[in-house]
Amino acid sequence: RVYTIASIPGDGIGVEVTPAAERVLEATQKRFGFRLDVEAVDYASCDYYTKHGRMMPEDWKKRLEGKDALLFGAVGWPDTVPDHISLWGSLVQFRREFDQYVSLRPVRLMPGVRSPLADRVHGDIDFVVVRENTEGEYSQVGGRMFAGTDRETVLQETVLTRTGTDRILRYAFELANGRPRKHLTSATKSNGIAISMPYWDERVEAMAQHYPEVSWNKFHIDNLAAQFVLNPSQFDVVVGSNLFGDILSDLGPACTGTIGIAPSGNIDPERRFPSLFEPVHGSAPDIAGKGIANPIGAIWAASMMLDHLGESDAAAAIMRAVETSLSDERSRTRDLGGKADCAGCADAVIDALNAA
Ligand code: NAI
Ligand code: MG
């Protein structure tokens, strides 16, 4: 099997961690009998913007839409390009144009990583946050009236469509159904947001009928955020609207330690378009160019990409190798109290892969 991939490193440490992840991918191909045909992409970066006055070429969609997946680093170099321009000119375009309506963030306590909750947590932390990625609170519907006067009024609507709500819930229930614990938690706020959130709850209930094996519950978002910190072991799959999911998908990884290891998928489950896999972190200008960035977030994202492509054995092998290398202080990067540099950390993962 051959898969076509676009590798889009972007800016800052994106340029360091993406090649590290590519090297790990290369090491798996030989073992698992598939091939990745990787095209290196230099646009969707602030360098490209500086040269061309835009983040991507006009025909970017044509160039990328036939790919099987996109491996993304990070975008942003605030010294030269304002963040809203770099982000909206690249990543947001991919999410919207490729209808990547699922944002997927695994949250797992890894060996060698100290959770800020370490003294509190009893039991495993191993859950997934599923965020609706295309509608909800992040709508363009609204406006500002009487600007600059005492009567200034600002309005922004939440948009929930049945199609948009059901497709994210179906994805979340399917995911829960395929996991050993088969449990789903829905984020709501139907006590306060009394029109859209009761609708969300209603659709959760309707979808649950199709998944009798999956147990489910719901929390108001304020309490749910507290539960993430107080008792994260209770979760398996957590699903939320665009805004609630956004907050939870940062809070989740924060509960398990460093931002350097957290991965993320922006997924079109129907596979009409390529899905995009990236580390959660940004371009980290403060450490860029030093070769010390933690590549585990990018490597984990690469594993999610293989899973999406159907190469689940290779994906699992990468995660076992990541756990092996994280267990050894010598192969951890500085953000985890180790001494390894970016390349050394990736080497350790590859060694663990080859030794398994
Ligand atoms: P950031 O994630 O780049 O950095 C936050 C802090 O975490 C920094 O101290 C950084 O050194 C550290 N850090 C991040 N990743 C690390 C890694 N792999 N290993 C070790 N340490 C790591 O977030 P920040 O500073 O808010 O944003 C910097 C730029 O990145 C901005 O231009 C922002 O717009 C962009 N950004 C892009 C994202 C994306 O492409 N998905 C996501 C978040 C930010
Ligand atoms: Mg966020």
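How many bridges join strand β4 to strand β11? Three, and the two strands, residues 102-108 and 263-267, run antiparallel. Helices (H or I, at least four residues) and strands (E, at least two) are DSSP runs, numbered from the N terminus. One pair to look at is Leu-104, whose bridge partner in β11 is Gly-265.

A word on the model. This is a predicted model, where local features need pLDDT of at least 70 and side-chain atom pairs count only at pLDDT 80 or more, while totals for chains, interfaces and linings use all residues. Residues are numbered from 1 along each chain as its sequence is written, and chains are lettered from A and ligands numbered from 1 in the order in which they are written.

Now the sheet. It is open, has 10 strands with mixed pairing, and its order is β2-β1-β3-β12-β11-β4-β5-β10-β8-β9; strands pair if DSSP finds at least two bridges between them. β2 (35-40) and β9 (215-220) are at the edges with a single partner strand each, so one side of each has no neighbour in the sheet.

Next, a helix. α6, residues 162-177, packs on the sheet and touches β4, β5, β8 and β10. Contact here means C-beta atoms, placed from the backbone, within 7 Å. The direction of α6 makes about 165 degrees with that of β5 (axes are lines fitted to C-alpha atoms, for helices over the stretch in contact, with angles from 0 to 180 degrees between N-to-C directions).

Last, Val-24. Leaving out residues up to four places away in sequence, Val-24 touches Ile-299, Ala-302, Ile-318, Ala-346, Val-349 and Ile-350.

How values were computed:
Two residues are in contact if their C-beta atoms, placed from the backbone, lie within 7 Å.
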